[in-house]
Amino acid sequence: IGRIYVRLYNDTPTFPLKDHSYFMQCLAVYIGKHAEHMYAKREDLEADRLLRRSCEHLLSSIRAALNVVNTIPKLAVVYADVRCLGPILTCIEPKEVDPATSPWFTPTLELVLTLLVHL
């Protein structure tokens, strides 16, 4: 995402990025486009390996956004822009969800809310 290997960045969040704001904007777009995966049902995840991988990538991208804000707090202002904040807020839109049947819902929601608190 944004020319950065997110998994590697999450392993080393102090890695110096060339363009933090671009990376953060790309993360926001990715999160917004894939937010619906947090509502995936357990039976769908068991049957669909790609869906399960998409859920893992969504969590990883939210974790990366949180790592950027924790590492360089002054960059939180980038997420204050509606173009970045809007897609992230799609993760907390009210919907009828049963956390027992949607295993990715609770961890995704917790990470997004933590990210929003840091903004």
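Helices here are DSSP runs of H or I with at least four residues, numbered from the N terminus. The model discussed below is predicted.

Q: Where is Thr90 found, and why is Thr90 called partly exposed?
A: Thr90 is found in the loop between helix 6 and helix 7. Partly exposed is the term for values between the buried limit of under 20% and the exposed limit of over 50%. Thr90 has a relative accessible area of 23%, and therefore it counts as partly exposed.

Q: Which residues does Thr90 touch, leaving out those up to four places away in sequence?
A: Thr90 touches Gly32, Ala35 and Tyr39. Contact here requires heavy atoms within 4.5 Å. As for Lys41, its C-alpha atom is separated from that of Thr90 by 18 Å, and the two residues are 49 residues apart along the chain.

Q: Why is Leu85 called partly exposed?
A: The relative accessibility of Leu85 is 23%, so Leu85 counts as partly exposed. Leu85 has its place in helix 6, which covers residues 82–89.

Q: What does Leu85 touch beyond residues up to four places away in sequence?
A: Leu85 touches Tyr79, Ala80, Leu116 and Leu119. One of these, Leu116, is 31 residues apart from Leu85 along the chain, and their C-alpha atoms are separated by 8.9 Å.

Q: Why is Val69 called buried?
A: The limit for a buried residue is under 20% relative accessible area. Val69 is at 3%, and therefore counts as buried. Its place is in helix 4, residues 49–71.

Q: Which residues are in contact with Val69, not counting those up to four places away in sequence?
A: Val69 touches Met24, Ala76, Tyr79, Leu115, His118 and Leu119. Val69 and Leu115 are 46 residues apart in sequence, while their C-alpha atoms are 7.8 Å apart in space.

Q: Is Val6 buried or exposed, and what makes it so?
A: Val6 is at 11% relative accessibility, so Val6 counts as buried. This residue is found in helix 1, residues 6–11. Leaving aside neighbours within four places in sequence, Val6 is in contact with Ile1, Phe23, Leu27, Ser60, Ser61 and Ala64. The C-alpha atoms of Val6 and His57 are separated by 8.6 Å, the two being 51 residues apart along the chain.

Q: Why is His37 called buried, and where does His37 lie?
A: His37 has a relative accessibility of 15%, and so it counts as buried. His37 lies in the loop between helix 2 (20–34) and helix 3. Its contacts, apart from neighbours within four places in sequence, are Leu51, Ser54, Cys55, Leu58 and Trp104.

Q: What makes the negative surface patch, and how exposed is Asp44?
A: The negative patch is formed by Glu43, Asp44, Glu46 and Asp48. Patch residues must have over 30% relative accessible area. Asp44 has 38%, and is therefore partly exposed. Asp44 lies in helix 3, residues 42–47.

Q: Which residues form the nonpolar patch on the surface, and why is Leu113 called partly exposed?
A: Leu89, Ile92 and Leu113 form the nonpolar patch, with about 210 Å² of accessible area together. Nonpolar side chains are joined into a patch within 5 Å. Leu113 is at 40% relative accessibility, so Leu113 counts as partly exposed. Leu113 lies in helix 7, residues 105–118.

How values were computed
Residues numbered from 1 in each chain as written. Predicted model: local features only at pLDDT ≥ 70, side-chain atom pairs only at ≥ 80, totals over all residues. Heavy atoms only, no water. Patch = residues over 30% accessible without salt bridge, like charges linked within 9 Å, V, L, I, M, F, W, Y side chains within 5 Å. Areas by Shrake-Rupley, 256 points an atom, 1.4 Å probe, with all protein chains shown as cover. Salt bridge = Lys/Arg side-chain N within 4 Å of Asp/Glu carboxyl O. Lys, Arg positive; Asp, Glu negative; His and termini not counted. Charge placed at Lys NZ, Arg CZ, Asp CG, Glu CD. Helix = DSSP H or I, 4+ residues; strand = E, 2+ residues; numbered from the N terminus. Buried < 20%, exposed > 50% of the residue type's maximum accessible area, 1.4 Å probe, protein only.
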